[in-house]
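Here are my notes for your read-through. Please keep the model open as you go.

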Amino acid sequence: MAFDGAAISTRIMTVHRIALDVDKAQDALFAQCAGIARFSWNWALDRWKSQYTAHCENNSLPKPSEAALRRELNAIKRAEYPWMLHAPKAVPQQAIKNLGAAFKGFFEGRSRYPNFKAKDLCRESFRPDNGPGTFRVEGRRLKLPRIGWVSMREALRFGFEMNPTLKSVTISREAGRWFAAIAVEIDHSFTPRPEGAVIGVDLGVTDLATLSDGRKFSGSKSLGRNLKRLARLQRSHARKQKGGKNRARSRARIAKLHARIRNIRQDGLHKLTTKLSREASTVVIEDLNVRGMMANRHLSRAISDMGFFEFRRQLSYKLARLGGTLVAADRFFASSKTCSACHTKAEVLPLSVRSWTCANCGAQHDRDINAAINLKNLAGSEDLKVRPVSACGVEGSGGGTDLAVKPATMKQENGPDRKRSGP
């Protein structure tokens with residue numbers, strides 16, 4: 001995108017997730033709606049399987065579809081499932097629509113085959129609306145169909161100057177608290193950054209992100225800091241009698257701590273990715289395979305505590321909103337072993353070595369800063385293969401040679417004899 005200093009305006013879709021203040025009656029009604037959504041999903045999935053089996057045996061029978069299943073449930077719910085009438089009519093309908101979207105993702109190879117849902121008191125959700133105009137937001141209040149007004153902990157973030165259009169609302173429960181995720185379409189304007197504003201980012205477990213300009217940002221390490229407390233709660237939970245109230249309370253305490261750990265991690269990632277997206281027009285990162293790295297039992301906990309995938313996901317959509325680009329380097333590019341001054345590649349560089357001296361030019365390198373500089377240099381390189389990416393990279397994604405067999409996406413730089421799989 002050319003930089004001319006002019007602001008660009010567009011319409012974007014975003015979501016504001018707000019905590020709700022519910023009374024006992026609303027809490028019970030929300031739990032019932034979540035149960036109806038879960039039942040509708042399981043009912044539709046069971047009918048989908050049986051109808052598909054019947055179609056395979058007799059091709060004259062129609063294939064299952066979410067629209068046909070919604071019509072079927074509407075026809076029988078008053079007689080067979082009258083308790084469904086206590087919830088907004090959109091709750092079971094939206095659950096079946098979600099199942100249709102899940103099957104679409106499965107057929108397109110983007111997701112796994114849908115499974116039946118089990119009751120989970122710590123994490124439930126449902127969608128009570130049927131599109132724009134079926135719910136309202138006034139200040140710190142949310143009006144839902146059939147449920148009525150519900151108090152919110154804060155007002156909707158997007159004011160009238162952004163010309164917001166309410167699209168949908170999803171109610172979810174996490175660790176005993178109810179939240180409303182309100183999807184809104186708003187006016188969005190931004191001024192693109194100069195094209196020369198490029199930052200290389202090297203991710204690690206000691207420091208979450210090391211930038212090519214020498215700055216280092218530590219991760220929140222929220223799991224590591226709360227690990228002893230979590231272990232204590234889990235030991236106490238294991239001693240509780242199964243099916244008892246004390247065990248349910250213990251489970252709720254553990255869920256609350258997990259939610260706190262997640263919130264601390266998310267807060268740190270949002271602050272860092274927002275900062276980077278505002279400073280740079282192009283950010284270059286490594287195409288790490290988090291799933292492969294998690295196979296290392298010595299580092300898996302530290303890696304999951306950093307949130308590499310979430311970092312990439314947030315950075316991708318935030319850069320896109322500001323006209324920037326996220327670039328992923330080839331997975332096999334030796335960013336740490338290559339001298340950023342003379343481009344000589346070291347033969348061996350174990351992970352325990354955090355600083356090293358180039359044997360060719362004598363330059364002193366901090367391992368992470370050197371890797372970040374090499375990543376930054378890739379942005380203007382023509383002979384090295386890089387490409388813009390989306391947030392959801394999986395096995396075999398990223399720049400580089402197309403492989404017959406997709407490799408594990410684990411960064412490996414310890415030996416000179418590492419080879420690629422495939423031709």
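1. Start with Thr-210. This residue sits in strand β9, which covers residues 209–211. Strands are DSSP runs of E with at least two residues, helices are runs of H or I with at least four, and both are numbered from the N terminus.

2. The model is predicted: local features need pLDDT of at least 70, side-chain atom pairs count only at pLDDT 80 or more, and totals for chains, interfaces and linings use all residues. Residues are numbered from 1 along each chain as its sequence is written, and side-chain values use heavy atoms, with hydrogens and water left out.

3. Is Thr-210 buried or exposed? Thr-210 counts as buried because its relative accessibility is 1%. Buried means under 20% relative accessible area, exposed over 50%, and partly exposed in between (1.4 Å probe, protein chains only).

4. Which residues does Thr-210 touch? Leaving out residues up to four places away in sequence, its contacts include Gly-200, Arg-215, Asp-368 and Ala-372. Contact means heavy atoms within 4.5 Å.

5. Now look at Leu-203, in strand β8 (residues 198–203). Leu-203 has 12% relative accessibility, so it counts as buried. Beyond its neighbours within four places in sequence, Leu-203 is in contact with residues including Leu-208, Leu-288 and Phe-311. From Leu-203 to Phe-217 is 14 residues in sequence and 9.7 Å in space, C-alpha to C-alpha.

6. Finally, the whole protein. It has 10 helices and 15 strands. Of its 423 residues, 42% count as buried. Take the contacts between residues at least 6 apart in sequence: 69% join residues at least 24 apart.
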